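Please read this note with the sequence and the model open side by side. The points below go through a few places in turn, and each can be checked by eye.

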Amino acid sequence: MVGTPVNVSGITAAQTYIVTVTDNKGCTATDNVVVSVHALPAASIAKDGDLTCTKTTTVLTASPSTGVTYLWSVSNQTSRSINVTSAATYTVTVTSTTTGCASSASIVVTQDITKPNANAGADKTLTCTTTSATLNGSSTTSGVTYGWLASNGGNIVSGGNTATPTVNASGLYTLTVTTTATGCTATDVAEVMLSNTPPSGVDADNIGGPLTCIDNSVTIRAFPNVATYNYAWSGPGGYSATSRENNVSLAGNYTVTVTNTQNGCYAVKTTTVLQDVAIPAANAGGDKSICNSTNTTLTASGAGTNGTYQWSTNATTAAITVSPSTTTTYTVTVTGANGCTNSAQAVVTVTPLPASGLTGPNEICMDEYAVFNASPLVVGATYAWTFDGGTSLDGDANDPSESIKWSSAYQNMSRTVTLTVSKDNCSNTYTKAILVKTGVILNTQDNYPVCQGGSVQIGPNPNDGSQVAPGTTFQWTPNLFLNNNTAAQPLSTPPFDITYTLTATLNGCAVSRQIMVDVNVNLNPVADAGQRQDGMYGQ
């Protein structure tokens, strides 16, 4: 007869159990059984660490190491050690190979893969003046380390394993923050940009030039006109300025540095201020010599195109005509187109005209010589005469004194005697008007023969116009043996040969002729009239 099984539990030591069996008749029987208690294996699990970002597998090892079998809750693995890769509670059942007793142990495997906080900080910009930058990395997670990686041309100068590295090139900078305990990382990127473009369209010029003697200021200008640009000028004589436009007064090269204040980059341009201060080569035309009462022309030069002249006479033309009476210095101020001036002088030396004059008669009888004189005489002078149809006695016309006559062709005409007196290349001319008067006509024979003791009528026929002009008066000399010494035809009764001088006068003009009375002494005895009272002797 089989009874109902009875489970016992909670015993910790060997126990004897008695069973009493009572049948339906009330009959009983007893029996006992000894329940022995075997010790359970001391199951336990050891792990080599929890899972982290760097520890992705952990080893679970069950104990005891011998006399038992193992059964894991993960895929029914039966090895003592198993590898697990995820967080969970892992259980192992350890069964004694001798008693069959089993015990279990569990272990919790945790996983910490929480990423730390990573902040690479604000982006940076390198410029022409800011050539390096410090990145400001940070993390709100404690127990972390920092590491930076440069890419796209970036360069880390120092501090690559710190939160704040120094960089000097544009590019991407990746910050890796690592939690020391878990090895978990987080990244963030900071960009370093480069702004090194110089100002565009930079130029420089100058207006109002070149510098001259009258324009002594030129404006230099820088371009473009941008509010964020600074301008720094340098130039001759230590010149400096910071305005975009400036007035300068020295010639030379002016250099402007145009700086973009937003990035410190700059561009340089130069403009050259020219200068024209050349002094004109003034020339007054050279010294001149003139004679008094004449003129000369002074011609200045050196002003060039658009230049001007200003003479001390107030004339403003290049050429002036002057006629000073004394030696005079003339000054011309020459102004070039550049306003620069220079002066030159010309001395006009005045030589006095020779001071002389012309003397002589106002009237002259035709065919009679009249004397004309240069008076006063000028030492060292030369003389030149013109006679207006007259002829000189000596055949020339260059003596200080000249004897001149005019033929009957010029009777009753006015003639001009001209005298030019020259000395030291200067001449003075004197003139004298004269009247050529109708002269004496005296035509008669020169010799009259007469018998000794006889008489002869001598002289021209006053009634013959071809021999003598009407109105002519006569004078015979000597007044010997004549019946009338003022008659045209007196009777001459000379005792011997005699020569008379007949002077005929008309209009103040006189002509003399020698007339001889030839006494024929062969026919008559010679008569001696004796000594005359006037001292004349007979022949």
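Predicted model: local features only at pLDDT ≥ 70, side-chain atom pairs only at ≥ 80, totals over all residues.

1. As background, most residues other than glycine have a negative phi.

2. The bond that joins Ser63 and Pro64 is cis, with omega about 5 degrees, and Pro64 is found in the loop between strand S5 (58-63) and strand S6 (68-72). The bond from Phe223 to Pro224 is also cis, with omega near 0 degrees, and Pro224 lies in the loop between strand S19 (218-223) and strand S20 (229-235). In general, most peptide bonds are trans.

3. Strand S19 also takes part in an open sheet of 3 strands, in the order S18-S19-S22, with antiparallel pairing. Strand S18 (203-207) and strand S22 (245-248) are the edge strands, each of which pairs on one side only, while the twist from one strand to the next averages 25 degrees. Between S18 and S19, which run antiparallel, there are 5 bridges.

4. Which residue stands opposite Ile207 in S19? The residue is Thr219, and at 19% relative accessibility Thr219 counts as buried, because the cut-off for that class is under 20%. The side chain of Thr219 makes a polar contact of 2.7 Å with the side chain of Asn247. Leaving out residues up to four places away in sequence, Thr219 touches Asp205, Asn206, Ile207, Glu245, Asn246 and Asn247.

5. The largest nonpolar core has 23 residues, and the members that touch the most others are Ile458, Trp476, Tyr500 and Val517. At least two residues of this core come from each of S39, strand S41 (473-477), strand S43 (498-506) and S44, and S43 gives the most, with 5 residues. Not counting residues up to four places away in sequence, the contacts of Ile458 include Tyr448, Trp476, Tyr500 and Val517. A second, separate core of 19 residues includes Ala370, Ile404, Trp406 and Val436.

6. How many aromatic pairs does a search of the whole structure find? There are 4. In one of them, the rings of Phe372 and Trp406 have their centres 6.3 Å apart and their planes at 85 degrees, so the pair is edge-to-face. Phe372 is in strand S33 (residues 370-374), whereas Trp406 is in the loop between strand S36 (401-405) and strand S37 (413-423), so that the pair links parts of the chain 34 residues apart. Phe372 is buried at 0% relative accessibility, and Trp406 is buried at 0% too. Trp476 and Tyr500 form an edge-to-face pair as well, at 6.1 Å centre to centre and with 85 degrees between the planes; they lie 24 residues apart, in strand S41 and strand S43, and both are buried.

7. Strand S39 (residues 447-451) shows a covered face made of Tyr448 and Val450, and an uncovered one made of Asn447, Pro449 and Cys451. S39 runs parallel to strand S44 (residues 509-520), to which 5 bridges join it, and in S44 the bridge partner of Asn447 is Met516.

8. Leu442 lies in the loop between strand S38 (426-437) and S39, and at 7% relative accessibility Leu442 counts as buried. Apart from neighbours within four places in sequence, Leu442 is in contact with Pro460, Gln467, Leu502, Ala504, Val511 and Arg513. Leu442 and Thr294, by comparison, are 148 residues apart in sequence and 50 Å apart in space, C-alpha to C-alpha.

Key. Residues numbered from 1 in each chain as written. Heavy atoms only, no water. Buried < 20%, exposed > 50% of the residue type's maximum accessible area, 1.4 Å probe, protein only. Helix = DSSP H or I, 4+ residues; strand = E, 2+ residues; numbered from the N terminus. Pairing = 2+ DSSP bridges. Core = buried A, V, L, I, M, F, W, Y, C linked by side-chain atoms within 4.5 Å. Contact = heavy atoms within 4.5 Å. Polar contact = N/O pair within 3.5 Å; in protein donor to acceptor, adjacent residues only side chain to side chain. Axes fitted to C-alpha atoms, helices over the stretch in contact; angles between N-to-C directions. Phe/Tyr/Trp six-rings, centres within 6.5 Å; stacked < 30°, edge-to-face > 60°.
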